[in-house]
Amino acid sequence: MKTVATPRSARAPGLFLALGLLCLGTVSGPVHAEGEATNPAVRERMALMKDIGRNLKSIADMVQQKAPFEGQAAQAAAGTIAADAERIPAVFKPRESDPASEALPVIWEKWDDFVAHADKLASAAKAIDATSAETLAAGFRPMAGACKSCHDSYRMDD
Ligand code: HEC
């Protein structure tokens, strides 16, 4: 007996919050691996991810109503995420390691799938429509989902 409708709009902040937290764990939480990476190639890919993380957070804060909705800023952040996502294959291509890295070796064993995950994020970020808080929220879920699905397979657990 289905009497309860499933909320699927911006009026279900709990859902977004859950996704946001899963995705943003390393943005605001403690760093999993000890210390800073010293390998420049690893530093570069971590810096790229941090930039993606910062931009996603600025959108997540609006979606979760922790920050006022600002369409232009959200659209710009989505554009940065799309551009960053397109750089993921290039910065991850060299099979570099560092004690501080959270990248799993399976990245280079399933390279095409890894790249497909990066493409998925780029597409989701390009699809963001920040005309209103509602359209932004609708696009946020698939975008945050793209972070999580790649992290689930290719990054160490927090
Ligand atoms: C194609 C796969 C992939 C996608 C998509 C992806 N990530 Fe990552 N992310 C990784 C990997 C792999 C690492 C670990 C890199 C390392 O430590 O060498 C990582 C690390 C991070 C880190 C930690 C950086 C650091 O300095 O330790 C943050 C923050 C992050 N990602 C945020 C995001 C956000 C937010 C999204 C979505 C908007 C996202 N990522 C999408 C693969 C991905």
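This is a predicted model: local features need pLDDT of at least 70, side-chain atom pairs count only at pLDDT 80 or more; totals for chains, interfaces and linings use all residues.
The protein chain holds six helices and zero strands, and if we read from the N terminus onward, the elements follow one another as α-α-α-α-α-α. Of its 158 residues, 28% count as buried. If we take the contacts between residues at least 6 apart in sequence, we find that 80% of them join residues at least 24 apart.

Let me turn to the packing of the helices. Two packed helices are described by the angle between their axes and the distance between the axes, and I will give both for each pair.

I begin with α2 and α3, which pack at an angle of about 155°, with their axes 9 Å apart. Angles over 145 degrees count as roughly antiparallel, and therefore α2 is described as roughly antiparallel to α3. The crossing in which α2 passes α3 is left-handed. On the α2 side the contact includes E44, R45, L48 and D51, and these residues, together with others of that helix, meet a set in α3 that includes A73, A74, I81 and F92. Sorted by type, the residues of this contact of α2 with α3 come to 13 nonpolar, three polar and five charged.

Is D51 buried, exposed or partly exposed? It counts as partly exposed, because D51 has 15 C-beta neighbours inside 10 Å. Although D51 and I81 are 30 residues apart in sequence, their C-alpha atoms are 8.0 Å apart in space.

The next pair is α3 and α5, for which the angle is about 165° and the axes lie 8 Å apart, so that α3 is again roughly antiparallel to α5. Here too the crossing is left-handed, as α3 passes α5. From α3 the contact draws on A78, I81, A82, A85, E86, I88 and P89, while α5 brings V115, A118, L121, A122, A125 and K126. Those residues divide into eleven nonpolar, no polar and two charged.

The last pair is α2 and α6, whose axes come within 10 Å and cross at roughly 135°, which means that α2 is oblique to α6. This crossing, with α2 passing α6, is left-handed as well. The residues that make the contact are L56, I59, A60, M62 and V63 of α2, and A133, L136, A137, F140, A144 and C147 of α6. By type, the contact of α2 with α6 has eleven nonpolar residues, no polar ones and no charged ones.

Finally, let us look at the core. Which members of the largest nonpolar core touch the most other members? Among its 33 residues, these are I59, A78, A125 and L136. At least two residues of this core come from each of α2 (40-63), α3 (71-92), α5 (111-126) and α6 (133-154), and α2 gives the most, with nine residues. If we leave out residues up to four places away in sequence, L136 touches I59, M62, V63, A74, I128 and A130.

Key:
Residues are numbered from 1 along each chain as its sequence is written. A nonpolar core is a set of buried Ala, Val, Leu, Ile, Met, Phe, Trp, Tyr and Cys residues joined through C-beta atoms within 7 Å. A residue is buried if 20 or more other C-beta atoms lie within 10 Å of its own, exposed if 12 or fewer, and partly exposed in between; C-beta atoms are placed from the backbone. Helices (H or I, at least four residues) and strands (E, at least two) are DSSP runs, numbered from the N terminus. Two residues are in contact if their C-beta atoms, placed from the backbone, lie within 7 Å. Axes are lines fitted to C-alpha atoms, for helices over the stretch in contact, and angles run from 0 to 180 degrees between N-to-C directions. Angles under 35 degrees count as roughly parallel, over 145 as roughly antiparallel, 65 to 115 as roughly perpendicular and the rest as oblique. A crossing is left-handed if the near helix is turned anticlockwise from the far one by less than a right angle, and right-handed if clockwise. Ala, Val, Leu, Ile, Met, Phe, Trp, Tyr, Cys and Pro count as nonpolar, Asp, Glu, Lys and Arg as charged, and the others, Gly among them, as polar.
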